[in-house]
Amino acid sequence: MSGMIERGSDWVPLRDIDQRRLREARLQAHYAVQWLARAARAYVPPQPDDEHTNLGWDGALGGFTTHPLKDGAWLSLKITNLTLALHVGEGKTDVQSFFLDGRPDAQARRWLSEQLGARGLNAHALDAPSPYEMPAHAVSQGAAYGPAGLSDALAELAAWFGNAALLLGSIERQMIGRKLAASPARCWPHHFDLATLTTLPRNADATGYVGAGLSPGDEYYDEPYFYVSVYPEPDPAALPSLPALGHWHLRDFVAAVATARKIVAAKNQQAETDDFLRAAVDGAIKVFS
């Protein structure tokens with residue numbers, strides 16, 4: 001199973017960053033990316049299961065991008081410095097950007113509404129209520145973003161997402177090579193995770209799903225972690241063993257999990273994470289076979 005990607009090709013070595021700083025970087029980035037989600041809900045043609053709101057990872061940009069808006073423009077968020085940008089067309093030159101450092105959401109809303117209003121889009125559509133709750137943070141109470149003081153942690157966060165895009169893209173290609181339906185790796189702004197989902201027809205009345213992804217951290221693990229989720233939830237006794245990097249998480253959801261703490265300490269971070277993902281995906285598929 002190993003060797004299906006060129007190891008070391010684009011992998012950024014992961015470092016042991018102070019957990020509190022990484023948490024703060026994650027929360028600020030999570031709030032900042034909601035501007036892409038708001039614009040997507042307002043201006044991207046609707047798709048089933050809210051797929052129009054999910055985001056792509058752009059390695060050259062070092063950030064997330066929306067699907068094209070109704071007029072063909074698109075928005076991005078650069079993770080390393082929390083810069084929003086509006087892109088027009090395919091070129092790199094027609095870009096309007098807004099640096100969030102020292103600015104609250106109210107100023108981001110003003111800038112974005114001016115940019116989109118000038119393109120004939122209804123700026124008030126940005127104010128539609130979010131369909132989900134966000135984790136508590138001062139930004140929601142009007143505090144300014146502060147990426148300039150979090151440059152190392154935001155760079156580390158971007159490295160996690162970039163590395164995940166590399167490995168998850170390989171998982172997607174492997175699944176397609178096995179004649180299974182696998183989605184591209186996309187970020188879902190609700191949980192801020194980057195994931196690919198494989199659909200497994202089980203019989204005429206049932207379908208199984210195996211999701212492989214990266215969470216930058218949440219209420220279950222206050223650190224980034226790779227996961228392979230299984231749905232519907234199988235009997236825990238049927239779950240296979242995992243490489244030493246991972247363990248089975250059984251509270252509220254069933255998933256194989258490899259935490260940042262173990263990955264950072266690994267002798268070969270990329271190879272061991274890749275092996276974990278592939279072993280967990282294979283084991284999850286066998287549960288449904």
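**Salt bridges across the fold**

Asp127 is partly exposed, because its relative accessible area is 43%, where buried means under 20%, exposed over 50% and partly exposed in between, with a 1.4 Å probe and protein chains only. The model is predicted, so local features need pLDDT of at least 70 and side-chain atom pairs count only at pLDDT 80 or more, while totals for chains, interfaces and linings use all residues. Residues are numbered from 1 along each chain as its sequence is written, and side-chain values use heavy atoms, with hydrogens and water left out.

The side chain of Asp127 meets that of Arg109 in a salt bridge, at 2.6 Å from N to O, the term meaning a side-chain nitrogen of Lys or Arg within 4 Å of a carboxyl oxygen of Asp or Glu. Since Arg109 belongs to helix H2 (residues 105-117) and Asp127 to the loop between H2 and helix H3 (151-177), the pair ties together parts that are 18 residues apart in sequence; helices (H or I, at least four residues) and strands (E, at least two) are DSSP runs numbered from the N terminus.

Across the whole structure, 11 salt bridges are found. One of them joins Arg26 to Asp222, with the closest N and O atoms 2.7 Å apart. Arg26 sits in helix H1 (residues 19-43) and Asp222 in the loop between E9 and E10, so this pair ties together parts 196 residues apart in sequence. Arg26 is buried, at 8% relative accessible area, whereas Asp222, at 25%, is partly exposed.

In helix H5 (residues 269-288), Arg278 and Asp274 are four residues apart and therefore separated by about one helical turn. Their side chains meet in a salt bridge of 2.9 Å, N to O, and both residues are buried. Elsewhere, salt bridges with shared partners join Arg23, Arg26 and Asp222 into one network.
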